Amino acid sequence: IEFLENELSQAVVNHCKITWKQINHDDGVINNAVKIFYKDLMESKWEIKSLFSAANMREQTKRLVRAIGSTVALLDDLDTLVPVLEELGKRHVYYNVKPEHFKYVRRSWFRMLAQALPLSW
């Protein structure tokens, strides 16, 4: 969350909101994007795949879409967003997510963006 400690530029916020709108405008696009994300993430490291062994991926997809949507919506209000993300992080500790896993999450997210929206990223 350190990167959120300083105010995000309005250009970054706007780009995130536009990108999210492009992905989330249609169920087919968002579902494909999430499939790309999770496929890449689970192929990145065996222990990450094991974190999802008991997960209902349909529900997991819904939770991911809600979490990203809420995060993007709050990018203009970091005072509200930071505690929300801190709480989300605490919940992920319960699922044995480790800080070193997030480099794989970030990489998979950007790979998904490159495939889902090649002209934007």
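This is a predicted model: local features need pLDDT of at least 70, side-chain atom pairs count only at pLDDT 80 or more; totals for chains, interfaces and linings use all residues.
Q: Is α2 roughly parallel or roughly antiparallel to α5?
A: The axes of α2 (residues 10–24) and α5 (residues 57–73) come within 10 Å and cross at roughly 150°. Angles over 145 degrees count as roughly antiparallel. Therefore α2 and α5 are roughly antiparallel.

Q: Which hand does the crossing of α2 and α5 have, left or right?
A: The two axes cross at roughly 150°. The hand of the crossing of α2 and α5 is left-handed.

Q: Which residues of α5 meet α2?
A: On the α2 side, the contact uses Cys-16, Lys-17, Trp-20 and Asn-24. By class, the contact of α2 with α5 has six nonpolar, two polar and one charged residues. The α5 partners are Val-65, Ile-68, Gly-69, Val-72 and Ala-73.

Q: How is α3 oriented to α5, roughly parallel or roughly perpendicular?
A: Helix α3 spans residues 27–44, and its axis is 11 Å from that of α5. The packing angle is about 105°. Angles of 65 to 115 degrees count as roughly perpendicular. So α3 is, to α5, roughly perpendicular.

Q: How many residues in the contact of α3 with α5 are nonpolar?
A: From α3 come Ile-30, Asn-31, Val-34, Phe-37, Tyr-38 and Met-42. From α5 come Met-57, Gln-60, Thr-61, Leu-64 and Val-65. Three of these residues are polar and none is charged, and the nonpolar count is eight.

Q: What is the distance between the axes of α2 and α3?
A: Two packed helices are described by the angle between their axes and the distance between the axes. For α2 and α3 the angle is about 105°. That makes α2 roughly perpendicular to α3. The axes lie apart by 6 Å.

Q: Which residues of α3 meet α2?
A: Helix α2 brings Trp-20, Gln-22, Ile-23 and Asn-24 to this contact. The contact of α2 with α3 has five nonpolar, two polar and no charged residues. On the α3 side stand Val-29, Ile-30 and Ala-33.

Q: Which element gives the largest share of the largest nonpolar core?
A: This core has 26 residues, and those with the most contacts inside it are Trp-20, Ile-23, Tyr-38, Leu-41 and Met-112. Elements giving two or more residues are α2, α3, α5, α6 (78–94) and α7 (102–116). The largest share is eight residues, and it comes from α3.

Q: Which residues are in contact with Ile-23, leaving aside its neighbours within four places in sequence?
A: Ile-23 is among the core residues with the most contacts inside the core. It also takes part in the contact of α2 with α3. Its partners beyond those neighbours are Val-29, Ile-30, Ala-33, Met-112, Leu-113 and Leu-117.

Q: Is Gln-60 buried or exposed?
A: Gln-60 sits in helix α5. Leaving aside neighbours within four places in sequence, Gln-60 is in contact with Tyr-38 and Phe-52. Buried means under 20% relative accessible area. Gln-60 has 17%, so it is buried.

Q: Is Lys-35 buried or exposed?
A: Lys-35 belongs to helix α3. Exposed means over 50% relative accessible area. At 62%, Lys-35 is therefore exposed.

Q: How far apart in space are Ala-73 and Asn-96, C-alpha to C-alpha?
A: Ala-73 is in helix α5, and with a relative accessible area of 51% it is exposed. Asn-96 lies in the loop between α6 and α7. In sequence they are 23 residues apart, and in space, C-alpha to C-alpha, 27 Å.

Q: What is phi of Asn-96 near?
A: Most residues other than glycine have a negative phi. Asn-96 is a residue other than glycine with a positive value. Its phi is near 70°.

Conventions. Residues are numbered from 1 along each chain as its sequence is written. Side-chain values use heavy atoms; hydrogens and water are left out. Axes are lines fitted to C-alpha atoms, for helices over the stretch in contact, and angles run from 0 to 180 degrees between N-to-C directions. Helices (H or I, at least four residues) and strands (E, at least two) are DSSP runs, numbered from the N terminus. Angles under 35 degrees count as roughly parallel, over 145 as roughly antiparallel, 65 to 115 as roughly perpendicular and the rest as oblique. A crossing is left-handed if the near helix is turned anticlockwise from the far one by less than a right angle, and right-handed if clockwise. Contact means heavy atoms within 4.5 Å. Ala, Val, Leu, Ile, Met, Phe, Trp, Tyr, Cys and Pro count as nonpolar, Asp, Glu, Lys and Arg as charged, and the others, Gly among them, as polar. A nonpolar core is a set of buried Ala, Val, Leu, Ile, Met, Phe, Trp, Tyr and Cys residues joined through side-chain atoms within 4.5 Å. Buried means under 20% relative accessible area, exposed over 50%, partly exposed in between (1.4 Å probe, protein chains only).
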